[in-house]
Amino acid sequence: MLEVNLCGLKITSPLILASGILGVSYSTMIRLFNSGLGAITTKSIGPIPRRGYRNPSIVEITPGTFLNSVGLANPGIDYFINEIKEIKSHNIPLIVSIFGDSNKSYLDVAFKAEKAGADAVELNISCPHAEVSSIGIDKKLTYSLVNLLKQNLKIPIFVKLNPNVTNLIDIALAAENGGADAVIAINTISAMKIDINTKCPLLSHGSGGLSGKAIHPIAVKHVYDLYKILKIPIIGCGGVESWQDVVEFFLAGASAVQIGTALHKDISIIKTINSGLSNFLKLNKVKSIMDIIGLAHQFETQEVSECD
Ligand SMILES: Cc1cc2nc3c(=O)[nH]c(=O)nc-3n(C[C@H](O)[C@H](O)[C@H](O)COP(=O)(O)O)c2cc1C
């Protein structure tokens, strides 16, 4: 009922761990998978270890909504290869999120991830508080990176989209034309919070990326718009904290969903979401969650009527 086939990756729940949240050590990733996730996306891994920005780098600004500027802190691909091998020895569907500082270094990292056993790579071209965001705001750069990786890798390539652009559809189409197998919509939204007493931004980096509850309706709208144009699957991401949020993403056109911020409280939320989804499908006499993809597109918007 909840099984999804995502570009050949067969997963038992449509709920996937989003990159950057608890996705660095294999023991935590295994625990999350055993709690009911369909697949794991790792923290974004780059060519060399990176410390990221100083604290404070994460703050909760309203209940369930966070601002972060972790700055792509990660142990580097050469260290991370062992984590990938360990997870794959438990037969867990694994998407390795990667970044680089040039097309070549993206390719080097992707190669190493593929060789270590990754089932797919997710290209982070979208982190709003790191250099990689410059790729995700430019359709030519997006096309050339995706195309290079497509020509050299055997495993599927997912592209994580940056919502901080004027036209997300242009970038998504560039990714699709370059050979992307799926896109993830969305990464965090560029944002800032200022402490009125110190008169300084709360985050050490100044600005950061907004995630969690507040961004869910924005992400749903992006998925809805992308579904009208793209031929490849869309993975919804942003503010999922209930089974209803997952259903909304599917109705908008998602083929799977990632969850991140909501896991900060309690990972038992994964089981609650899975059983809520199964009940919803049973009540609606739907055999597979894949049968509800895009159903909200039956809706027709209204013409504006003039006042009498
Ligand atoms: C603390 C933190 C770290 C993150 N690190 C990454 C990262 O390394 N790579 C990436 O592509 N996205 C990263 N993200 C973005 C999430 O994967 C996700 O796109 C975003 O948080 C929206 O989903 P959510 O509302 O379910 O958290 C990070 C988010 C948070 C909150």
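In this predicted model, T65 has G212 as its bridge partner in β14. That pairing belongs to the contact between β6 (residues 65-68) and β14 (residues 208-212), two antiparallel strands joined by 4 bridges. The points below place these strands in their sheet, then turn to a pocket and an aromatic pair.

**The sheet**
- An open sheet is built from 4 strands, arranged in the order β5-β6-β14-β11 with antiparallel pairing.
- Its edges are formed by β5 (58-62) and β11 (189-191), each of which pairs on one side only.
- On average, neighbouring strands of this sheet are turned by 40 degrees against each other, direction ignored.

**The largest pocket**
- The largest pocket holds about 690 Å³ of space.
- It is lined by 38 residues, of which S19, G20, I21, N68 and T261 are the closest to its centre.
- At least two lining residues come from each of β6, β14 and β16 (256-259).
- By type, the lining comprises 18 nonpolar, 18 polar and 2 charged residues.

**The aromatic pair**
- The whole structure contains 1 aromatic pair.
- The ring centres of W243 and F280 are 5.6 Å apart and the ring planes meet at 40 degrees, so the pair counts as tilted, a class that lies between the limits of 30 and 60 degrees.
- Because W243 belongs to helix α8 (residues 243-252) and F280 to helix α9 (residues 269-283), the pair ties together parts 37 residues apart in sequence.
- W243 is partly exposed, as its relative accessible area is 26%.

Notes
Residues numbered from 1 in each chain as written. Predicted model: local features only at pLDDT ≥ 70, side-chain atom pairs only at ≥ 80, totals over all residues. Heavy atoms only, no water. Pairing = 2+ DSSP bridges. Axes fitted to C-alpha atoms, helices over the stretch in contact; angles between N-to-C directions. Phe/Tyr/Trp six-rings, centres within 6.5 Å; stacked < 30°, edge-to-face > 60°. Buried < 20%, exposed > 50% of the residue type's maximum accessible area, 1.4 Å probe, protein only. 1 Å grid on protein atoms, 1.4 Å probe; cavity = no way out; pocket = protein on both sides within 12 Å on 5 of 7 lines; lining within 4 Å. Points joined across faces, edges and corners; volume = space filled by probe spheres on them. Nonpolar A, V, L, I, M, F, W, Y, C, P; charged D, E, K, R; others polar.
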